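Visitor: Pick one part of this model and take me through it closely. I would like the setting first, then the detail.

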Amino acid sequence: MSKPNWFVTNLSDCPWMTTQRFGPWANLELHGTFPHFGVNVHILQPGQPACLYHRENQQEDFLVLHGACKVLIEEQEVPLKAWDFVHCEPGATHVFVGAGDGPCAILMIGARRSPQELTYPVSPLAAKYGASAAKETNDPREAYAGTDPRQPTKVAWPLS
């Protein structure tokens with residue numbers, strides 16, 4: 001079957017994955033990996049990190065769609081609310097953490113180019129939220145060792 005060169009979907013129809021530690025995210029790449037950028041919507045509960053504090057050699061952009069969160073960026077904590085936009089040039093160390101009193105939804109878009117280079121530094125700020133690597137590494141498998149496996153899940157969209 002050939003892949004379409006365009007499609008329309010609704011978040012409620014997308015496959016969702018989750019881990020207990022990092023919460024659910026929607027995979028919008030329904031017809032295979034997009035070659036130029038990755039895109040997903042991540043849902044965070046208050047205090048829940050989206051991933052580990054990291055930097056990479058890729059540009060990334062984020063738009064808070066719903067609720068409140070904070071971005072830990074370059075060892076600073078910045079509060080965010082719906083419609084706030086965050087741009088990260090390559091090399092900006094960051095992670096998002098849910099805040100407020102309900103779920104937060106963030107549109108996450110990142111460039112893809114080869115080779116991808118990642119660094120997971122040790123961060124006292126990120127450690128407060130369970131989002132720091134145990135030791136600095138460039139290996140995602142080492143950084144995420146011990147994290148519960150990804151599981152398919154269902155998410156009601158839109159969030160209430």
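Guide: Two residues are in contact when heavy atoms lie within 4.5 Å. Take the contacts in the chain with a separation of 6 or more: residues 24 or more positions apart account for 67% of them. Keep in mind that this is a predicted model.

The part to look at is strand β8, residues 85–88. Start with the whole chain. It has 2 helices and 12 strands. From the N terminus, the elements run β-β-β-β-β-β-β-β-β-β-β-α-α-β. The radius of gyration is 15 Å, close to the 15 Å that the globule rule gives for 160 residues, so the chain is as compact as a globular protein of that length. Along its principal axes, the C-alpha trace spans about 45 × 40 × 30 Å. Buried residues make up 45% of the 160. The accessible surface comes to about 9,000 Å², and carbon and sulfur atoms hold 55% of it.

Now the sheet. Seven strands form an open sheet in the order β8-β5-β10-β3-β2-β1-β12, and the pairing is antiparallel. β8 is an edge strand, as is β12 (151–153); each pairs on one side only. From one strand to the next, the twist averages 30 degrees.

On its paired side, β8 meets β5, residues 60–66. The two strands run antiparallel and share 4 bridges. Phe 62 stands opposite Val 86. Leu 63 stands opposite Phe 85.

Next, the two faces. In a regular strand, side chains alternate between the two faces of the sheet. In β8, Val 86 and Cys 88 make up the covered face. Phe 85 and His 87 make up the uncovered one.

What does Val 86 join? Val 86 belongs to the largest nonpolar core, a set of 15 residues. Val 86 is among those with the most contacts inside this core, along with Phe 62, Cys 69, Leu 80, Phe 96 and Ile 106. In soluble globular proteins, nonpolar side chains tend to be buried together.

Leaving aside neighbours within four places in sequence, Cys 69 is in contact with Val 64, Val 78, Pro 79, Leu 80, Phe 96, Val 97, Gly 98, Ala 99, Cys 104 and Ile 106. A second, separate core has 12 residues, including Phe 34, Val 39, Val 41 and Ile 43.

Now step back along the chain from β8. The loop between β7 and β8 holds Trp 83. Trp 83 is not a glycine, although its phi is positive, about 80 degrees. With 66% relative accessibility, Trp 83 counts as exposed, since the cut-off is over 50%. Glu 74, in the loop between β6 (68–73) and β7 (76–81), also has a positive phi, about 50 degrees, and is not a glycine. Glu 74 has 43% relative accessibility, so it counts as partly exposed.

A cis peptide bond joins Ser 114 and Pro 115, with omega about -5 degrees. Pro 115 sits in the loop between β10 (104–111) and β11 (118–119).

β8 pairs on one side only, and its covered face carries Val 86 and Cys 88.

Conventions
Residues are numbered from 1 along each chain as its sequence is written. This is a predicted model: local features need pLDDT of at least 70, side-chain atom pairs count only at pLDDT 80 or more; totals for chains, interfaces and linings use all residues. Side-chain values use heavy atoms; hydrogens and water are left out. Two strands pair if DSSP finds at least two bridges between them. Axes are lines fitted to C-alpha atoms, for helices over the stretch in contact, and angles run from 0 to 180 degrees between N-to-C directions. The radius of gyration is taken over C-alpha atoms; the globule rule is 2.2 Å times the number of residues to the power 0.38. Buried means under 20% relative accessible area, exposed over 50%, partly exposed in between (1.4 Å probe, protein chains only). Accessible areas come from the Shrake-Rupley method with a 1.4 Å probe; for residues, only the protein chains shown count as cover. A nonpolar core is a set of buried Ala, Val, Leu, Ile, Met, Phe, Trp, Tyr and Cys residues joined through side-chain atoms within 4.5 Å.
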